[in-house]
Amino acid sequence: MEERELGRMKLGSQGLEVSLQGLGCMGMSAFYGPPKPEPDMIALIHHAIESGVTFLDTADVYGPHTNEILLGKALKGGVREKAELATKFGAYFAEGKIEIRGDPAYVRAACEGSLKRLGIDCIDLYYQHRVDTRVPIEVTIGELKKLVEEGKIKYIGLSEASASTIRRAHAVHPITAVQLEWSLWTRDMEEEIVPTCRELGIGIVAYSPLGRGFLSSGAKLIENMSQDDLRQYLPRFQPENMEHNKTIFERVNELAAKKGCTPSQLALAWVHHQGKDVCPIPGTTKIENFNQNIAALSVKLTLEEMAELESFVAEDAVKGDRYADTTPSWKECDTPPLSSWKDAQ
């Protein structure tokens, strides 16, 4: 398999190198409609790696488990050595609801499960998907540190963690990357979390950089959604909010037409322009869309164009929250002090 160099970046300060753009694999197996045909998805993953997009993102809850199994199949036959593989633990479904766990026994069992499904000996980047607010972050990271020492994971990451949680975690073992939703219409983490990551030398992985597809196709996205597409239940995609939010897409689309690129390329270029420490991981299930996404790397934006794009989503421009109330995020992820855990043991 020929690999073409797309450009590389250092993610964090511990030595991890990844492609300038990654590939989010969730939608291949879960949440955005029915699972896609396995041979097509394996072909897409191989095409991504051949194109130089070698940073692949999955999680044990995608499916659950089926996305990791898919990646395990795609990485067979010498492909594994060409990829940087990230997966996540800590969120799982129980009786139709998302449960969060970060206790040491669960961390270890989850890691062993992921290694087996992926068919590998070591995970390159292992994220805590959501923070367990019952377990001090130091305890969870302490177990991850042991997994690093045992050679089961190389680097530790956090997803949807607050600035204070990131600091506490980093004091136990260096955090390599923090994964956050970051796009033109999701910017609430810029105030505290991004500066904290930069101060500590932690890389930033931007998930849903195309606003879960909204910045690619606007309001028409919801017309073709299947019943099992998670997005139709998200506040921003509700008809009363979408009626307002579609104006944002229309403006992005107009500027893209002037630039001679697609709206998704423009939105993705905006994320790339946030800094050399930011790696967006747009997901797709189509080779054609993947090719469009990597072409976003050649879209250059002036400071004026950046400001114009940001003006489309100025304060209160986006209606609706990112998630429904029941989904945990960085806003409510602080954990008890370590002393409370020691006292309880």
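Start by selecting residues 123-128 and 153-159: these are strands β8 and β9, and they pair in the parallel sense over five bridges. Keep in mind as you look that this is a predicted model. Now click on Y127; its bridge partner in β9 is G157.

Next, zoom out to the sheet. β8 and β9 belong to an open sheet of eight strands, in the order β3-β4-β5-β8-β9-β10-β11-β12, with parallel pairing. Which strands stand at the edges? Select 22-24 and 278-280: they are β3 and β12, and each has a single partner strand, so one side of each has no neighbour in the sheet. Look at the strand directions too: neighbours in this sheet are turned by 25° against each other on average, direction ignored.

Now for some rings. The whole structure holds seven aromatic pairs. Pick F31 and Y62, whose ring centres are 6.2 Å apart; their planes are at 90°, so this pair is edge-to-face. This pair links distant parts of the chain, 31 residues apart: F31 is in the loop between α1 (26-29) and α2 (38-50), while Y62 is in the loop between β4 (55-57) and α3 (66-74). Are these two buried or partly exposed? F31 is partly exposed, at 21% relative accessibility, whereas Y62 is buried, at 7%.

Then select W185, F214, F237 and F249, which ring pairs link into a cluster.

Last stop: show R231 and Y32. R231 lies over the face of Y32, 3.9 Å from the ring centre.

Methods. Residues are numbered from 1 along each chain as its sequence is written. This is a predicted model: local features need pLDDT of at least 70, side-chain atom pairs count only at pLDDT 80 or more; totals for chains, interfaces and linings use all residues. Side-chain values use heavy atoms; hydrogens and water are left out. Rings of Phe, Tyr and Trp (its six-membered ring) pair if their centres lie within 6.5 Å; planes under 30 degrees apart count as stacked, over 60 as edge-to-face and the rest as tilted. Helices (H or I, at least four residues) and strands (E, at least two) are DSSP runs, numbered from the N terminus. Buried means under 20% relative accessible area, exposed over 50%, partly exposed in between (1.4 Å probe, protein chains only). A charge sits over a ring if NZ of Lys or CZ of Arg is within 6 Å of the ring centre and within 35 degrees of the ring normal. Two strands pair if DSSP finds at least two bridges between them. Axes are lines fitted to C-alpha atoms, for helices over the stretch in contact, and angles run from 0 to 180 degrees between N-to-C directions.
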